[in-house]
Amino acid sequence: MSATTVDERLLETSPLRKLLSRPELGSVVGAIAVFVFFALVADGFLRAASLSTVLYASSTIGIMAVPVALLMIGGEFDLSAGVMVTSSALVSSMFSYQMTADTWVGVGVSLLVTLAIGAFNGIMLTRTRLPSFIITLGTFLMLTGMNLGFTKLIDGTVSTKSIADMEGFESARDVFASTLTIGGVDFKITILWWLGLVALASWILLRTRAGNWIFAVGGNQDAARAVGVPVAKTKIGLYMGVALGAWISGQHLLFSYDVVQSGEGVGNELIYIIGAVIGGCLITGGYGSAVGSAVGAFIFGMTSKGIVYAEWNPDWFKFFLGAMLLLATLLNAWVRKRAEATE
């Protein structure tokens, strides 16, 4: 190394370069544009109750978009994430009902089963070296069939029996599906779960060795392995993180309605991925942020509810969602090029 070589970490970084290098910059710009748009065209969009509804819709996607974003930063996908939410709720409900146990026992069993599904995805990926698309597509199909098959076998119908009168139901609902009133406006507790996960994921990514490992395996797993990064353990952990998010979402689903339809969740995995991509995550891995996934979920919430408040035909929702996905991807690519040009 020459005497004139300077460690790049010691170089000063301009505020503009720091701003342009943020993965969530494009999604923040998009979120501001969507917010202003619906504030102008949708009557009632700016009401406190309406914004509470938007935040709730965002949180139900955001709880899953956060761990999905971390998984994508690590260079992988999980197509089973949507039905895993339903699987988690079904296990909790059916175990509690069939065993006549306290509902918290069902919640605990559900956590173990859901984490085992996540570990299965990660182990299969690392042991077989097959693409995550194939592994998790197989898990998606198996869970879809098991959700329906076991529910019909045990309960005789496509939905579970009500557990609303069982011991522990009220306390579990307080944790997973309660409503908090602040300043006369009702807010769902899922908003707190969502913000907590964003904070935790951001801390992991930016302040821990595990965060460095996630970026490393997503950027170049062979190079990461060569410098001692535990690639297999990192990826298994990321899949278990998605499973943890699915467990939280599944318990919210169960304790919001006290019954679960076995066919729910199909297709939601794409929405979680869209939220992460809109938030700045690259399909190729190695780039993204937890905050960006939260902004992507917020854009989803504003769009889904803004269309309702604007009294438009909701059939157009997925058109707008697809358009936002393309625009956000193009904007994020432009921001990255600008950031590289300032280096």
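The crossing of helices α3 and α8 is left-handed, meaning that the near helix is turned anticlockwise from the far one by less than a right angle. Helices here are DSSP runs (H or I, at least four residues), numbered from the N terminus. α8 covers residues 190–207, and its axis lies 8 Å from that of α3, at an angle of about 25 degrees. That makes α3 roughly parallel to α8, a label for angles under 35 degrees. Axes are lines fitted to C-alpha atoms over the stretch in contact, with angles from 0 to 180 degrees between N-to-C directions.

Before going on, keep in mind that this is a predicted model, where local features need pLDDT of at least 70, side-chain atom pairs count only at pLDDT 80 or more, and totals for chains, interfaces and linings use all residues. Residues are numbered from 1 along each chain as its sequence is written, and side-chain values use heavy atoms, leaving out hydrogens and water. The chain averages a pLDDT (the predictor's confidence in each residue, from 0 to 100) of 88.

Back to the pair: Leu55, Ile63 and Val66 are among the α3 residues that meet α8, whose side includes Trp193, Trp194 and Leu197. Contact here means heavy atoms within 4.5 Å.

Now look at α4 (residues 81–98) and α6 (residues 132–155), whose axes come within 10 Å and cross at roughly 25 degrees. So α4 is roughly parallel to α6. This crossing is left-handed too. Among the residues that meet there are Leu90 and Met94 in α4, and Phe140 and Leu143 in α6.

Finally, find Phe255: beyond residues up to four places away in sequence, Phe255 touches several residues, including Val107, Ile163 and Phe176.

Technical notes:
Helix = DSSP H or I, 4+ residues; strand = E, 2+ residues; numbered from the N terminus. Parallel < 35°, antiparallel > 145°, perpendicular 65-115°, else oblique.
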